[in-house]
Amino acid sequence: MGTREPKDRDLERLIPIATVGGFDDSSSVSSSPFDSPAASHQSSAGKEAFSKVIRSWASKKFMSGCVILLPIAITFYITWWFIHFVDGFFSPVYSHLGINTFGLGFVTSITFIFLVGVFMSSWVGTSVLSLGEWFIKKMPLMSYIYAASKQISAAISPDQTSHAFKEVAIVKHPRIGEYAFGFITSTVILRKSTGTEELCCVYVPTNHLYLGDIFLINSKEIMRPNLSVREGIEIVISGGMSIPKILTISDTQFLMSPRVGKFTIPRV
């Protein structure tokens, strides 16, 4: 019993000191800043913000890669399809002869197209073409298809002196304050009781290049930019992405352009 009392007294002395100082083992564990609810919430919020930043960065880089690779992939795909398409004209002939070399039909087709262009540029070729057109125009359905396709090809043909598309035009359409690109195809004289008026037939594409609306607009209300017909077609086909940063309108836009033609307005 004598040995127990000094030990009990020592414990009684140690326990108040630990509790008074506030350095109890249980309190030290619970008061750790890393195990408190606020600290754990901040830690999870930081991890979530970091993961959002990483996901945003990865998605942006992925979209950048798609933007870069998509036009390249489309270009190669269309080119590969075009090579197969053109190669298919003469490849059956070579296959029948036992020659299975890829690309030989494509080279033959390109050579054939070139020779046709050379032949049609001569007087004999022009006569043969005129005779063929005469036969096609006699056919009810094929005449309309041929006439429409010929006008489209004539608009971009480098050898035509009088194009189907005369000039690039900018017209006010569909509302005031909005403008649309179009192509002047011809001019007409409108006779009225008050006099005559010169109108331009303007073709405004509404769906790519092959579908559009036709408007008869006074020649004085048409703006003629410093663009060639080929540049105007590129703007329409590209959806406006190839348009120049600055467009200059000619000061003589109210005068009839010599490329369209001059008409003598008759008296009424």
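A salt bridge here is a side-chain nitrogen of Lys or Arg within 4 Å of a carboxyl oxygen of Asp or Glu. With that cut-off, a search of the whole structure returns 2 salt bridges.

Before the details, the ground rules. This is a predicted model, where local features need pLDDT of at least 70, side-chain atom pairs count only at pLDDT 80 or more, and totals for chains, interfaces and linings use all residues. Residues are numbered from 1 along each chain as its sequence is written, and side-chain values use heavy atoms, with hydrogens and water left out.

Now the overall fold. The protein chain has 7 helices and 4 strands. Helices (H or I, at least four residues) and strands (E, at least two) are DSSP runs, numbered from the N terminus. The order along the sequence is α-α-α-α-α-α-β-β-β-β-α. Of the 268 residues in the protein chain, 18% are buried. Buried means under 20% relative accessible area, exposed over 50%, and partly exposed in between (1.4 Å probe, protein chains only). Take the contacts with a separation of 6 or more: residues 24 or more positions apart account for 40% of them. Contact means heavy atoms within 4.5 Å.

Back to the salt bridges. R224 pairs with E167 at 3.0 Å, N to O. This pair links distant parts of the chain, 57 residues apart: R224 lies in the loop between β4 (211–218) and α7 (229–237), E167 in strand β1 (residues 167–172). R224 is buried at 6% relative accessible area. E167 is buried too, at 5%. The other bridge joins E197 and K192, with the closest N and O atoms 3.1 Å apart. K192 is partly exposed, at 37%.

Next, the strands. β1 pairs with strand β2 (residues 179–192) in the antiparallel sense, over 6 bridges. The pairing criterion is at least two DSSP bridges between two strands. The two strands form a hairpin with 6 residues between them, and G177 in the turn has a positive phi of about 95°. V171 has A180 in β2 as its bridge partner. A180 is buried, with a relative accessible area of 14%. Leaving out residues up to four places away in sequence, A180 touches A169, I170, V171, H173 and V204. A180 and A169 are 11 residues apart in sequence and 8.3 Å apart, C-alpha to C-alpha.

On to α7. Which residues of α7 are buried? They are V229, G232, I233, I235 and V236. These residues sit on the same side of α7, because they cover an arc of only 160° around the axis. That arc is taken from the directions from the helix axis to the C-beta atoms. After α7 comes G239, with a positive phi near 70°.

Last, the surface. The accessible surface of the protein chain is about 20,500 Å², and 67% of that belongs to carbon and sulfur atoms. Areas come from the Shrake-Rupley method with a 1.4 Å probe; for residues, only the protein chains shown count as cover. There is a nonpolar patch with about 1,200 Å² of accessible area together, its members including L70, W81, F89 and V116. Patches take residues with over 30% relative accessible area and no salt bridge; like charges are joined within 9 Å, nonpolar side chains (Val, Leu, Ile, Met, Phe, Trp, Tyr) within 5 Å. Both α3 (37–96) and α4 (104–120) supply at least two residues each. Which helix gives the most to the nonpolar patch? α3 does, with 8 residues. One of the patch residues is I78, which lies in helix α3. I78 is partly exposed, at 46% relative accessible area.
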